[in-house]
Amino acid sequence: MIIYHYSPKTGEFLLSSEARLDPIDKQPLVPAHATAIKPGAALSDHVLCFDEEEAEWKNVEDHRGELYFLKSTGEEFIISDLGPVPNELTSLVPCEFPIWDDTADVWLTDDDAAAESRINEILIELYNIDMASIRPERAIRVGTAVATDMEKLTALEAQAADLRIELSTLRSASE
C-alpha cells in the first residue's frame, strides 16, 4: 500500500512511499503525518496540504518567497507562510514617499515627507557650500586670493542664494 507523507507544520505534501507491514499482523502501518488518502493535483501557485481534521487534501495558495510591500510603511516583505496574501500587503511597488490609499488601492506620494526630505537635502548642501567657501574667503581676507578664488566664491554664493530661495519656498508651503 502507498502512503503519502506531509509536513507536520504545514500539512504540505512531501513524498509517497510504500507502507511497512506490521511484523505481527502483517497489516500496513501508517505513521504520524502520513495518510493512505491519495492527493489530487495541485492548482497553479498552490500546494496540496493534508487537513487532518477533515481527513482530506486541500489546495492552499503558495506565495512563499514572493516580494510584497507593507501598506502601512512601504517596506519590503517576503512571504514565508502558506496561504493567501494578507490584506496588509500589496504587490505594487511604492513610490519614494509612500502613503497607501485604501480606497483606490494605490500608492500616493506623501508631499509633506517629500518636502521635509528636500529641506534636509538643502540644509546639507548649504552646509557643504559653507565648508567649501572657507578657503577662498580666507585667501581673500589675507590678500592671497587669485582670480579662481573669487570665481569660486561667487559661484558658491549664487548656488547658496538659489538654495535659500528654494528652502524659503518649501518652508512657506508647509506652513
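**Strands, cores and salt bridges: how we name things**

Modeller: Let's start with strand β6 (residues 67-70): three bridges link it to β7, and the two pair in the antiparallel sense. By the way, this is a predicted model, where local features need pLDDT of at least 70, side-chain atom pairs count only at pLDDT 80 or more, and totals for chains, interfaces and linings use all residues. Residues are numbered from 1 along each chain as its sequence is written, and side-chain values use heavy atoms, with hydrogens and water left out.

Colleague: What makes β6 and β7 a pair?

Modeller: The rule is that DSSP must find at least two bridges between two strands. β6 and β7 have three bridges, so they pass. The strands themselves are DSSP runs (E, at least two residues; helices are H or I, at least four), numbered from the N terminus. Look at L67, too: I78 in β7 stands opposite.

Colleague: Which strands make up the open sheet around β6, and in what order?

Modeller: The order is β7-β6-β8, with antiparallel pairing. β7 (76-78) and β8 are the edge strands, since each of them pairs on one side only.

Colleague: Why are β2 and β3 said to stand at the edges?

Modeller: Their open sheet runs β2-β1-β3, again antiparallel. β2 and β3 each have a single partner strand, so one side of each has no neighbour in the sheet. β1 (residues 2-6) and β3 have two bridges, so they too count as a pair. H5 has A34 in β3 as its bridge partner.

Colleague: How do you know that D51 and K58 form a salt bridge?

Modeller: The definition wants a side-chain nitrogen of Lys or Arg within 4 Å of a carboxyl oxygen of Asp or Glu. For D51 and K58 the N to O distance is 3.1 Å, so the pair qualifies.

Colleague: Why is P31 called partly exposed?

Modeller: Under 20% relative accessible area is buried, over 50% is exposed, and partly exposed is in between (1.4 Å probe, protein chains only). P31 has 39%, so it lands in the middle class. You'll find P31 in the loop between β2 (13-18) and β3 (34-35).

Colleague: Which residues does P31 touch, leaving out those up to four places away in sequence?

Modeller: P31 touches I3 and H5, where contact means heavy atoms within 4.5 Å. P31 and I3 are 28 residues apart in sequence, but their C-alpha atoms are 9.0 Å apart in space.

Colleague: What makes a set of residues such as A115, I119 and L170 a nonpolar core?

Modeller: A core is a set of buried Ala, Val, Leu, Ile, Met, Phe, Trp, Tyr and Cys residues joined through side-chain atoms within 4.5 Å. The largest one has ten residues, including A115, I119, A160 and L170. Helices α1 (111-142) and α2 (147-174) each supply at least two of its residues. Beyond its neighbours within four places in sequence, A160 contacts L126 and I129. Another core, of five residues, lies apart from that one, and Y4, Y6, L48 and W57 are among its members.
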